Amino acid sequence: MKVLGIRAAPKQLRFALLSFDGANIDFLNQNTEHLIKVPAGVTEVEDIIHWQKSEIDRILRQNQDIDLVAIKTSEYARSDTKSTRLASYLDAAVLLASKDANIPVCTRLYSQIGAKRTNVKERAESKVGATDKYWNEQIADAIMAAWALKGGI
């Protein structure tokens with residue numbers, strides 16, 4: 001089974017491709033592409049959303065054997081900000097791309113992936129290891145979202 005974990009943010013997209021064979025877990029893109037930054041000239045909300053949808057479509061095209069998509073979505077908060085609203089729109093773009101590709105997709109919060117913001121990096125690293133570059137909470141979120149689905153939705 002191959003799961004695509006996603007963590008979208010207003011300035012970047014982080015993704016982890018994990019493969020599960022029942023006994024082993026492989027972080028397939030650990031030392032290849034796992035960070036995609038929004039291009040400098042893309043500043044309007046609708047353009048950022050379109051750009052991300054195109055990138056998700058590309059990832060799904062290049063990995064046609066993905067069984068599930070898991071999105072680590074923003075936690076619920078009392079107030080809505082421009083940044084959290086855009087992150088929600090970006091999550092929706094992933095939902096749409098997955099639906100278009102006919103791949104089951106779900107969203108997950110920290111309580112559903114067995115981690116907290118304060119320990120997600122350590123938890124992800126203990127499961128599959130860290131990336132060589134750009135190791136942060138966002139890629140760890142993507143890893144843990146995918147890892148949480150190793151048994152299916």
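Helices (H or I, at least four residues) and strands (E, at least two) are DSSP runs, numbered from the N terminus. This is a predicted model, in which local features need pLDDT of at least 70, side-chain atom pairs pLDDT 80 or more, while totals for chains, interfaces and linings use all residues. Residues are numbered from 1 along each chain as its sequence is written, and side-chain values use heavy atoms, without hydrogens and water.

Q: Between which two elements is the loop that holds Asn63?
A: Asn63 is buried, with a relative accessible area of 15%, where buried means under 20% and exposed over 50%, with partly exposed in between (1.4 Å probe, protein chains only). Leaving aside neighbours within four places in sequence, Asn63 is in contact (heavy atoms within 4.5 Å) with Lys2 and Leu17. The loop that holds Asn63 lies between α1 (45–62) and β5.

Q: Why do the buried residues of α4 lie on the same side?
A: In α4, Val120, Ala124 and Val128 are buried. Because the directions from the helix axis to their C-beta atoms cover an arc of only 35°, they are on the same side of α4. The face turned away from that buried side carries the exposed Glu122 and Ser126, and the reason asked for is the arc of only 35°.

Q: How many residues of helix α5 are buried?
A: Helix α5 spans residues 137–147, and its buried residues pack against β1 (2–9), β2 (12–20), β3 (25–27), β5 (68–72), α3 (110–113) and α4 (120–128). Among those buried are Gln138, Asp141 and Trp147.
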